[in-house]
Amino acid sequence: MSDGSDLRKIDAKAAPLSAHLGAVGMPGVTAWIGLLDIGQPKPGETVVVAAASGAVGSVVGQLAKAKGCRAVGIAGGKAKCDYVMNELGFDACVDHKAPNLFERLSAAVPQGIDVYFENVGGEILDMVLRLLNPFARIPLCGLISGYNATEPYGVKFIHSLLVNRAKLQGFIVSDHLERWPTALGELAAMVREGKLKYRETIAEGIENAPKAFIGLLKGENFGKQLVKLA
Ligand SMILES: NC(=O)c1ccc[n+]([C@@H]2O[C@H](COP(=O)([O-])OP(=O)(O)OC[C@H]3O[C@@H](n4cnc5c(N)ncnc54)[C@H](OP(=O)(O)O)[C@@H]3O)[C@@H](O)[C@H]2O)c1
């Protein structure tokens, strides 16, 4: 039972209310902690993020750009990739639904991959492992491609972590509550200054929540999936 210490009062002036559930809320903080504390990107490095147009991934890429990195997204379909590059300012985006994914991903990271922010898992993770640079970092945030699977995916290229002395670290955003105020302050400032953009898909009514959730597992949402109750 909550004693109230985990409740957060929203500053309605900091950002539009719905953004407190997305870019200036839990998903934004997830991106911030995973990329900055675990990924530790340095200027000039290449950061790759899967589910790049989504609530977490869209913030990861924009934070990576703000740190002076090359930001490369992986997203499902041309419309999402166009948005990621043209609206969010990523340097490149690779459509995971089109053929020859490994060849196109390789071409998008000519200097290799220094940080891979993992949201998806499965075959995409195996392709990324083949392109890692020495001392790469992988913040393991989510494995959405496996959430509905009946069999777990067996990763094939795990030896890449060894030969590249790479770090893969899983994390749960609620373990890092002490970092939330700093993260939220920085994210809200970026939204106010127009340096952090986001998109939302809003389902109307609680009766549509299950459909929206199932859609998330199929990539039907575009940006943060919300449910409007009234
Ligand atoms: N560790 C933590 O504390 C923490 C906190 C929050 C979220 N998460 C995780 O972060 C990840 C992103 O969450 P989000 O809320 O930002 O979701 P989201 O990216 O807004 O939506 C999910 C996206 O995942 C992609 N996807 C779904 N199934 C896929 C598949 N089989 N293969 C490849 N891509 C697939 C789809 O994008 P495309 O159409 O582009 O493929 C879909 O739109 C999730 O794995 C979530 O569980 C972790």
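Which polar backbone atom is 2.7 Å from an oxygen atom of the ligand? I looked it up and found that the atom belongs to Gly76. I count a polar contact when a pair of N or O atoms lies within 3.5 Å; within protein, one must be able to donate a hydrogen and the other to accept it, and residues adjacent in sequence count only if both atoms are side-chain atoms.

Ground rules. I am working on a predicted model, where local features need pLDDT of at least 70, side-chain atom pairs count only at pLDDT 80 or more, and totals for chains, interfaces and linings use all residues. I number residues from 1 along each chain as its sequence is written, and side-chain values use heavy atoms, with hydrogens and water left out.

I found Asn221 with a polar side-chain atom 2.6 Å from a ligand oxygen. For Leu217, a backbone N or O atom lies 3.2 Å from a nitrogen atom of the ligand. I noted that the ligand taken alone exposes 910 Å², of which the protein buries 85% (Shrake-Rupley areas, 1.4 Å probe).

Shell. I listed 26 residues around the ligand, and the closest are Gly76, Lys80, His96, Tyr147 and Asn221 (a residue is near if one of its heavy atoms lies within 4 Å). By class I got 15 nonpolar, ten polar and one charged; Ala, Val, Leu, Ile, Met, Phe, Trp, Tyr, Cys and Pro count as nonpolar, Asp, Glu, Lys and Arg as charged, and the others, Gly among them, as polar.

Lys67. I located Lys67 in the loop between α2 and β2 (70-75); helices (H or I, at least four residues) and strands (E, at least two) are DSSP runs, numbered from the N terminus. I class Lys67 as partly exposed because its relative accessible area is 41% (buried is under 20%, exposed over 50%, partly exposed in between; 1.4 Å probe, protein chains only).

I placed Asn133 in strand β5 (residues 132-140). Asn133 is buried, since its relative accessible area is 16%. A polar atom of the Asn133 side chain lies 2.8 Å from the backbone oxygen of Gln111. Phe135 also lies in β5, and I read a positive phi near 65 degrees there, in a residue other than glycine.

Asn100. I found a positive phi of about 55 degrees at Asn100, which is not a glycine. Asn100 is in the loop between β3 (92-95) and α4 (101-108) and is exposed, because its relative accessible area is 53%.
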